[in-house]
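Q: Could we go through this model together, beginning with the overall fold and then moving on to packing and individual residues?

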Amino acid sequence: MAISGAAELIAKMAPADAHPGPQIREWADQISHSAAVIDRLVRDLLDFGACENGQLRLRAQRHDITILIRGVIEAFEAAATAKGLTLEADFSAVPLTATYDRDRLLRVLSNITHNAVTFTPRDGSIRIAAVRKATDLVVSVADSGVGIPPPELSTVFDRFRYPRHTPNCGLGLGLYVAKWIVEAHGGRIWAESEVGRGSTFSFTLPA
């Protein structure tokens with residue numbers, strides 16, 4: 001947090017037009033991005049340890065999932081814009097409430113959205129949707145990315161799993177942790193994909 005805060009302060013204090021203002025803001029953005037990556041990796045490791053030891057504890061309260069989705073959209077908007085991606089939300093104006101651990105579910109949505117931004121080529125699109133179906137809320141993140149080959153789709157939630165067509169860009173724990181968190185809430189998570197046409201990751205929460 002201290003690194004991210006300092007980077008934001010540097011970016012705000014950089015001159016708007018005069019050299020080297022733009023370069024300073026670019027460096028500050030790179031620092032902020034790197035800090036966010038480190039923070040995500042550390043949190044994945046902590047959650048991984050809790051999952052493996054059976055010590056994943058939830059602090060569940062009643063929340064509106066649409067507010068959480070808006071927060072994720074805002075958090076990834078800059079990264080999506082930098083790649084020319086369209087990042088949008090799709091849900092009704094009616095609040096969609098459920099009982100869940102807000103911080104844990106934020107991890108789930110952030111991990112899935114981060115992957116979508118990473119593996120979607122320039123000028124693609126990402127849509128985060130939420131809808132109530134019977135007694136569940138269904139949340140999905142759909143992208144127009146490279147897709148996942150069928151042999152890999154069955155192992156996408158395994159720990160230390162990396163796509164073979166991409167360089168190692170993390171610990172391979174994001175989706176593994178997401179699965180644990182969703183199931184701890186009494187929901188389920190799954191993925192659908194077609195190579196060259198994108199992927200959709202969905203999960204349910206008891207409403």
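The conversation below covers the chain as a whole, its helix packing, its core and several single residues.

Q: What kind of model is this, and how are residues numbered?
A: This is a predicted model, in which local features need pLDDT of at least 70, side-chain atom pairs count only at pLDDT 80 or more, and totals for chains, interfaces and linings use all residues. Residues are numbered from 1 along each chain as its sequence is written, and side-chain values use heavy atoms, with hydrogens and water left out.

Q: How many helices and strands are there in the protein chain?
A: The protein chain has 6 helices and 7 strands. Here helices (H or I, at least four residues) and strands (E, at least two) are DSSP runs, numbered from the N terminus. The order of elements from the N terminus is α-α-β-α-β-β-α-β-β-α-α-β-β.

Q: What share of the residues counts as buried?
A: Of the 207 residues of the protein chain, 41% are buried. Buried means under 20% relative accessible area, exposed means over 50%, and partly exposed lies in between (1.4 Å probe, protein chains only).

Q: And the accessible surface of the protein chain, what does it come to?
A: The accessible surface is about 11500 Å², and carbon and sulfur atoms account for 56% of it. The areas come from the Shrake-Rupley method with a 1.4 Å probe; for residues, only the protein chains shown count as cover.

Q: Among contacts between residues at least 6 apart in sequence, what percentage joins residues at least 24 apart?
A: In the protein chain, that share is 70%. A contact means heavy atoms within 4.5 Å.

Q: On to packing. At what angle do α3 and α4 pack?
A: The angle is about 35°, and the axes of α3 and α4 are 10 Å apart. Axes are lines fitted to C-alpha atoms, for helices over the stretch in contact, and angles run from 0 to 180 degrees between N-to-C directions.

Q: Is the crossing of α3 and α4 left-handed or right-handed?
A: The crossing of α3 with α4 is right-handed. A crossing is left-handed if the near helix is turned anticlockwise from the far one by less than a right angle, and right-handed if clockwise.

Q: Which residues make that contact?
A: On α3, they include Ile 65, Leu 68, Ile 69 and Val 72, and on α4 they include Leu 105, Leu 106, Leu 109 and Val 117. The residues of this contact comprise 11 nonpolar, 3 polar and 1 charged. In this scheme Ala, Val, Leu, Ile, Met, Phe, Trp, Tyr, Cys and Pro count as nonpolar, Asp, Glu, Lys and Arg as charged, and the others, Gly among them, as polar.

Q: What about α4 and α6, how do they pack?
A: Helix α4 (residues 102-119) and helix α6 (residues 174-184) pack at about 145°, with axes 9 Å apart. Their crossing is left-handed. Among the contact residues are Arg 104, Val 108 and Ile 112 of α4 and Leu 175, Ala 178 and Ile 181 of α6. This contact divides into 7 nonpolar, 3 polar and 2 charged residues.

Q: Which residues of α6 are buried?
A: Gly 174, Leu 175, Tyr 176, Val 177, Ala 178, Ile 181 and Val 182 are buried in α6. Just after α6, Gly 186 has a positive phi of about 85°.

Q: Which residues touch the most other members of the largest nonpolar core?
A: They are Ile 65, Ile 69, Leu 109 and Phe 203, in a core of 41 residues. A nonpolar core is a set of buried Ala, Val, Leu, Ile, Met, Phe, Trp, Tyr and Cys residues joined through side-chain atoms within 4.5 Å. The largest share of this core, 7 residues, comes from α3.

Q: What does Ile 69 contact, leaving aside neighbours within four places in sequence?
A: Its partners include Phe 91, Leu 109, Ile 128 and Val 139.

Q: Is Thr 204 buried or exposed?
A: Thr 204 lies in strand β7 and counts as buried because its relative accessibility is 7%. Not counting residues up to four places away in sequence, Thr 204 touches residues including Asp 136, Val 182 and Trp 190.

Q: And Glu 88, where does it lie?
A: Glu 88 lies in strand β2 (residues 86-90). At 40% relative accessibility, Glu 88 is partly exposed.

Q: Which phi value does Asp 123 have?
A: Asp 123 has a positive phi of about 70° although it is not a glycine. Asp 123 sits in the loop between α4 and β4 and is exposed, with a relative accessible area of 62%.
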